[in-house]
Amino acid sequence: MSRLDPAEPRNDWTRPEIAALFDLPFAELVFRAGQVHRAWFDPSEIQLSQLLSIKTGGCAENCGYCSQSASFDTGLAASKLMDAGAVIADARRAKASGAQRFCMGAAWRDLKDRDVPKIAAMIAGVKALDLETCATLGMLTPDQAAALKAAGLDYYNHNLDTSPEDYARVVTTHTHADRLETLEYVRAAGLKVCCGGIIGMGETRADRVGLLHSLATLPAHPESLPVNALVPIRGTPLGDSPPIDGLEFVGTIAVARLVCPKARVRIAAGREGMSRELQALCFLAGANSIFVGAKLLTTPLPGLDKDSQLLADLGMKPAAAGAASEGA
């Protein structure tokens, strides 16, 4: 594949090449990312997604950033898996508020076969509302991935979080390789991939390079790439982490756009603490999707009124129905 066209997807990125992008002067980096963004997307459009926690707390994983881990005392009450009817009702309200994509997240280490029929009913019901569907349910087996696809799931979210070298500092109950294995099963089932990471966890820039290198060298790039800014949760090992520098966050968005040019790059967690100006810089750098609603699983979001006003002030509009990462 030619390296002469910076907007043409590549899967042979090297870490030094990605590090060199981070080292560009800020204005040049954002300019290049904006050019690539325009090659694949309408820069005035943004996809609106909503995420619902369908099973909260009590998770057996020990991810150091997560309020839902049973390993940490964060004051979060655990709940059972929601009924399909309640989830579908939430999705209907999300669509009425302008959401185009509805994501369902369960605090599990892995999906159990006994829960697959109930999850499948949720997916089918949400899909029937003409919403794009996404789920994040932990690790999957090949048969489970196929069952989710058959139910109408469009995307499966399974983040890599940080670089392979930094992984064990953040979580020890699964490995980076475990995550890659589930992504292989998701691809084999014909599902699209939603995969990104979290920055601001005390990682180095080299770790951010490593995370994006892992994503950019997958056999196929993620169609959806969420970039989360850590929201420190009291009681978790990373609860005292200082906030990520705003310009470094924007730079990470820009590099993500450059190395995965056709992905929807999503500003995920942490937007509640970002200024309007910082969010606008993220859009200039190639972000074209946000989560809307009152909260993102257990952390707050700005809310519909503030988001609507921001997009109106920026002259941005919801993405056209059916617009996706396949060259839209």
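Strands S2 and S3 (residues 132-136) pair in the parallel sense over five bridges, where pairing requires that DSSP finds at least two bridges between two strands. The model is predicted: local features need pLDDT of at least 70, side-chain atom pairs count only at pLDDT 80 or more, and totals for chains, interfaces and linings use all residues. Residues are numbered from 1 along each chain as its sequence is written, and side-chain values use heavy atoms, without hydrogens and water.

Helices (H or I, at least four residues) and strands (E, at least two) are DSSP runs, numbered from the N terminus. Strand S2 spans residues 101-106, and it also pairs with S1 (residues 45-55) in the parallel sense.

| Strand pair | Bridges | Residues standing opposite |
|---|---|---|
| S1 and S2 | six bridges | Leu52 and Met104 |
| S2 and S3 | five bridges | Cys103 and Cys134 |

From S2 the chain crosses through helix H4 (residues 116-127) to S3 in a right-handed β-α-β crossover; right-handed means that, with the strands pointing away from the viewer, the path from the first strand over the helix to the second runs clockwise. S1, helix H3 (residues 84-96) and S2 likewise form a right-handed β-α-β unit.

Is S2 buried or exposed? Six of its six residues are buried, that is, under 20% relative accessible area with a 1.4 Å probe and protein chains only. Arg101, Cys103 and Gly105 lie on one side, and Phe102, Met104 and Ala106 on the other.

Elsewhere, residues of helix H1 (residues 15-22) meet residues of helix H8 (residues 205-216), with contact meaning heavy atoms within 4.5 Å. Among the H1 residues involved are Ile18 and Phe22.

Key:
Buried means under 20% relative accessible area, exposed over 50%, partly exposed in between (1.4 Å probe, protein chains only). Axes are lines fitted to C-alpha atoms, for helices over the stretch in contact, and angles run from 0 to 180 degrees between N-to-C directions.
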